[in-house]
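Q: I'm opening this one for the first time. Can you walk me through it?

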Amino acid sequence: MIPPPVRPPLPSDDPRWKLVNATMRRHGYAGHALIETLHSVQDAFGYLDEVSLRFVAASLDLPLSKVYGVATFYHVFTLKPPGRHACVVCMGTACYIKNSTALLDGLKARFGLGPGETSEDGALSVLNARCVGACGLAPAVVLDGEVLGKQTPETLLARLEGLIHAS
Amino acid sequence: MHLEDLEALAARYHAEETHEQEIRVCVAASCQSSGSLPVLEALQSACAGQGNGRCKVKGVGCMGLCSAGPLVAVAKRHAPLNESVLYRAVTPQDAAEILASSGGAPVERLRCPTDQPFFQRQVRIVLERSGLIDPESLPEAIAHGGYSALIQAITEMTPAEVIREVTASGLRGRGGAGYPTGLKWSTVAKMPGAQKYVICNADEGDPGAFMDRAVLESDPHRVLEGMAIAAYAIGASKGYVYVRAEYPLAVARLETAIRAARRAGFLGARVADTPFGFDIELRLGAGAFVCGEETALMASIEGLRGQPRPRPPYPAESGLWGCPTLINNVETFANIASIVRRGSDWFASIGTQGSKGTKVFALAGRIKNTGLIEVPMGISLRTIIEEIGGGIPDGKGFKAVQTGGPSGGCIPADYLDTPVDYDSLKSLGTIMGSGGMIVMDETACMVDVARFFMEFCMSESCGKCVPCRTGTWQMHALLDRIARGEGTPEDLALLEELCEVVQSMSLCGLGQTAPNPVLSTLRYFRHEYEAKLQNQPLRKPQTQRGTG
């Protein structure tokens, strides 16, 4: 008889691990729940670090290499902690035709950040997206989860300055 | 449950509604981004203050003209969109005035005429309930005919009859390639095996396309109903919707819809108290364009990296976890209920000889009316762009329209009278695609457009097969050099040669179609490539080559 697999202990008493565990339990700790589990880690912690990858691998009884492979294959997952504010510039076709490159240039000029970079004080991350599906409002930016349509470098920078000063 | 029971239920929901006028506020993603939620709240509190029950304020799905959002429609109960008074760019401050005007003289300063071609030239099948019903309410879907096709199929038709109807309708896959849906269904139905799966591909990855998003956000029950009918036809008991994680609102509405459908008995172990059992689970994508390819999508559902595998075996034979699997796109499933309910003859009477029914397009780019449209197959590109789209803004001239995203191509002005159907678009070197339609004006540089799409394919290549992984990289380097004005005629020749190699040697659709944007811009705008070359001396020192 095969003994039941030993589940690893939670990495810390941070309550967010219970959310991650709940996702795995809902899928019966099956290996195919890997992507769903990584989503719930990233939703809870903002990114995937080594501790969480090792914990997920051990819990789902998968090799760490496979978990790392999946985590790095998909664009949504990030292994770096995000800034307090995330500014995602859409680079879909409609936004590109309506000059979303100017938005990225404006961010680069003002904050010195390119796509995928976070400011040293951790205040702001600049990211780009393939298409957020807001093509009717091109060019679009997703700022902390909120879609802002018909942006210009001026409107976007003004909004960002306000946010960063407020926090 | 029989059809009569469902009809009685629908009649009861109708009777429960006593209001005369409805104020519908679009709460799909695009109008929410334009600020429709505060408008909805303002209207709801103003309406509650009035308290006579004559008027009902509700959130509805996409009404199409996204660029004019937030959109608000005032109409008689259940009246269609083009019989309503439509308001554009509404703010919360306008709420009282709109409410006061309902049933009387409209507020002219906010008016968006619905007798314009944008609304009049559309034919709505997939979007028939979009903008009319509250997407989060199952009773509203039922009151407007939801799930009647499912009940009709499982209580009055055999699986073979359902497949015969779908085949006779002439419906072809709306994901882009246009494979006959009925043929796909009958192939899976014939496969032996107790366990079969139905998958809905909602991994809408083409940049510039948002049709599936709008359908899922506006009328999610229509997609679930289509999947359940498919499951009955092919003998599947389990379904998955694979949806992009970038669409949080669509995910939330699908979750709500699945829970409601289960509670009402339209999903579960005994669908509508019959022996037929079917349940649906959601799976989130994680931002990989290649997962729109069916074998990569199934790998992703299994929790693996989304890498395609060679076909055959096709998913119909060996799909998810090795079982026979049916994969269709959101819009394909969204057509099914109407076909079953209204019959294949009706559906086949719309469209052209080889392409039946309608197609939903996401109209965007340099065009006046951007948004979501549903048009009959066979309509000309000129009608879409000049009449429905309202032409090019700022007095600029039209240059090209791009369809099919990174797998498609650009169509120049000379071919604007081409009818929109699978075969005509293919003959122009592009594809129908999933429905993204991006209009470009005279300021667009076609070499730059080709480079944009190649950059996309290069970074989205999964890396499994060499022609795609290396070929897209090399083609991007060549395009980049040409776009910067540093290319040579040899570069252009090499680019054309690579297009052929990558097209014929790649493993999956991503690589096979990646050269299309280059080939089609070369076909119609070769002079732009050559003009870029002419800026430079023909010969460059050897040391500078290969550094791109």
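What follows is a short chat about the model shown above.

Q: What should I know before I start?
A: This is a predicted model: local features need pLDDT of at least 70, side-chain atom pairs count only at pLDDT 80 or more, and totals for chains, interfaces and linings use all residues. Residues are numbered from 1 along each chain as its sequence is written, chains are lettered from A and ligands numbered from 1 in the order in which they are written, and side-chain values use heavy atoms, with hydrogens and water left out.

Q: OK. Which domains does chain B have?
A: Domain 1 (17–114), domain 2 (146–348), domain 3 (358–441) and domain 4 (446–544). The bounds come from an automatic or database domain assignment.

Q: How far apart are the centres of domain 2 and domain 4 of chain B?
A: They are separated by 36 Å, taken over C-alpha atoms. Their contact takes eleven residues from domain 2 and nine residues from domain 4. Contact means heavy atoms within 4.5 Å.

Q: And which domains in chain A?
A: Chain A has domain 1 (16–73) and domain 2 (85–166). Their centres lie 29 Å apart, again over C-alpha atoms.

Q: Switching to sheets. What is the strand order in the open sheet of chain B?
A: E7-E6-E5-E8, four strands with parallel pairing. Strands E7 (279–284) and E8 (325–329) are the edges, and each pairs on one side only. On average, neighbouring strands are turned by 20° against each other, direction ignored. Helices (H or I, at least four residues) and strands (E, at least two) are DSSP runs, numbered from the N terminus. Two strands pair if DSSP finds at least two bridges between them.

Q: How many bridges join E5 to E6 in chain B?
A: Six, between E5 (residues 197–202) and E6 (residues 238–243) of chain B. B:Ala202 stands opposite B:Val243 there. E5(B) is also joined to E8(B), by five bridges. In that pair, B:Ile199 has B:Ile327 as its bridge partner.

Q: Why is E8(B) largely enclosed?
A: Five of its five residues are buried, so the rest of the structure largely encloses E8(B). Buried means under 20% relative accessible area, exposed over 50%, partly exposed in between (1.4 Å probe, protein chains only). B:Thr325, B:Ile327 and B:Asn329 sit on one side of E8(B), with B:Leu326 and B:Asn328 on the other.

Q: Which helix lies across E5 and E8 of chain B?
A: Helix H14 (residues 330–342) of chain B, running at about 95° to E8(B). Axes are lines fitted to C-alpha atoms, for helices over the stretch in contact, and angles run from 0 to 180 degrees between N-to-C directions.

Q: What about E3 in chain B?
A: Strand E3 (residues 72–76) has four of its five residues buried. E3(B) pairs with E1 (residues 21–26) of chain B in the antiparallel sense over five bridges. B:Ile23 stands opposite B:Val74. Three bridges also join E3(B) to E4 (residues 85–87) of chain B, running antiparallel.

Q: Last one. Is A:Thr93 buried or exposed?
A: A:Thr93 is buried, with a relative accessible area of 2%. A:Thr93 is found in helix H5 (residues 93–97) of chain A. Not counting residues up to four places away in sequence, A:Thr93 touches B:Pro207, B:Gly208, B:Ile438, B:Phe452 and B:Phe453.
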